[in-house]
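This report goes through one protein model, beginning with a single residue and widening to the chain as a whole. Please have the sequence and the structure in view while reading.

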Amino acid sequence: MHATEIIGLIIAAAAAGAINAVAGGGTLVTFPVLLLFGTPPVIANATSTMALVFGTAGSMFGYRRHITAVKPWLTRFLPISLLGGLIGGILLTRTSNEFFGKLVPFLILFATILFLVQGAFRRLAGFNDSPGGVIRHQSIAGAVVFQFFVAIYGGYFGAGIGILMLASLGFIGLTNIYQMNTLKTVLGSLINLVAAIWFIAAGLIDWPRALIMTAGALTGYYLGAHYSQRISQRAVRAIITSVGFIISAVTFYKQFCR
């Protein structure tokens, strides 16, 4: 790798880590940058997952005080999340670079739109900062099934799963922002982890790039968590959305218009 690529990967991973710590959506940065430097689509997706998995796992430390409170929910959602993440990872390893390359524009567009409308998702789900809420037990079974498909998508591509999980948790009546973010963080980290383990076994990780990006991601997560109160989340979301639509348009052009 040239120095330009090393610096670019570090900056991209650091930005993704900071974005995930502040608002979510970091995959929309790391994945396209890997493509830019010539990494095949499937390898790029697996490597991006590997690079960010340590950072997301580390972010659980910030929610350690709320783990006890959400343990009953973890017992419901954890098994299905691990299974779905593994299935998504397996599906990716069964996908050719050519086919996945054609899917990329649609996946990026879907993730970007999901990121754009997350406010509507949160309002629709009744998400707020109040400490309590009425649990809608009749919705739990549906939420578990929904989480299974979220996990499959997370293992396969992953951008936007946090938004989907927050919406699902809101629909069943959870309203404590800290507990919801704890569940989202733990489940998302484990979905990425089980997919990353499968990618390692399948030999899909570009290790030099993954290690370089891991260092950048850890730095970004730390800085993002530390300075998150000083950053305008509206500005961050606007930048991510703009970049996502631009990347989607470029990949659509490359795949279908040339």
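## Thr39 and its loop

Thr39 sits in the loop between α2 (27–36) and α3. Helices (H or I, at least four residues) and strands (E, at least two) are DSSP runs, numbered from the N terminus. The model is predicted, so local features need pLDDT of at least 70 and side-chain atom pairs count only at pLDDT 80 or more, while totals for chains, interfaces and linings use all residues. Residues are numbered from 1 along each chain as its sequence is written, and side-chain values use heavy atoms, with hydrogens and water left out.

With a relative accessible area of 5%, Thr39 is buried; buried means under 20% relative accessible area, exposed over 50%, and partly exposed in between (1.4 Å probe, protein chains only). The side chain of Thr39 reaches the backbone oxygen of Leu34 at 3.0 Å. Neighbours within four places in sequence aside, Thr39 is in contact (heavy atoms within 4.5 Å) with Leu34, Ala44 and Arg209.

Helix α3 covers residues 41–59 and includes Ser48. Is Ser48 buried or exposed? Ser48 counts as buried, because its relative accessibility is 2%. The side chains of Ser48 and Thr30 are joined by a polar contact of 2.6 Å. A polar contact is a pair of N or O atoms within 3.5 Å; within protein, one must be able to donate a hydrogen and the other to accept it, and residues adjacent in sequence count only if both atoms are side-chain atoms. When residues up to four places away in sequence are not counted, Ser48 touches Thr27, Thr30, Phe31 and Leu34.

Ile43 is also placed in helix α3. Its relative accessible area is 19%, so Ile43 is buried. With residues up to four places away left out, Ile43 touches Asn97, Leu204 and Asp206. Ile43 and Gly203 are 160 residues apart in sequence, and their C-alpha atoms are 9.0 Å apart in space.

## Helix α7 and the residues after it

Helix α7 (residues 140–156) has 17 residues. From its first C-alpha to its last it reaches 24 Å, close to the 24 Å expected at 1.5 Å a residue; the expected span is 1.5 Å times one less than the number of residues. The buried residues of α7 include Ile140, Ala143, Gln147, Phe148 and Val150. Just after α7, Gly158 takes a positive phi of about 105°.

Phe157 counts as buried, because its relative accessibility is 3%. Leaving aside neighbours within four places in sequence, Phe157 is in contact with Thr27, Phe31, Asn45, Phe100, Leu107 and Ile108.

## Core and aromatic pairs

The largest nonpolar core has 59 residues, and Phe100 and Phe157 touch the most other members. Helix α3 gives the most to this core, with 8 residues. A nonpolar core is a set of buried Ala, Val, Leu, Ile, Met, Phe, Trp, Tyr and Cys residues joined through side-chain atoms within 4.5 Å.

There are 9 aromatic pairs in the structure. Rings of Phe, Tyr and Trp (its six-membered ring) pair if their centres lie within 6.5 Å; planes under 30 degrees apart count as stacked, over 60 as edge-to-face and the rest as tilted. The Phe31 and Phe157 rings have centres 5.4 Å apart and planes at 90°, so this pair is edge-to-face. Phe31 lies in helix α2 and Phe157 in the loop between α7 and α8 (161–171), so the pair ties together parts that are 126 residues apart in sequence. Phe31 is buried, with a relative accessible area of 1%.

Phe106 and Phe252 form another edge-to-face aromatic pair, 4.9 Å centre to centre with 80° between the planes. This pair links distant parts of the chain, with Phe106 in helix α5 (residues 97–116) and Phe252 in helix α11 (residues 233–256), 146 residues apart. Phe106 is partly exposed at 44% relative accessibility, and Phe252 is partly exposed with a relative accessible area of 22%. One aromatic cluster is formed by Phe31, Phe100, Phe110, Tyr153, Tyr156 and Phe157.

## The chain as a whole

The secondary structure of the protein chain comes to 11 helices and 0 strands. Of its 258 residues, 49% are buried. Among contacts between residues at least 6 apart in sequence, 85% join residues at least 24 apart.
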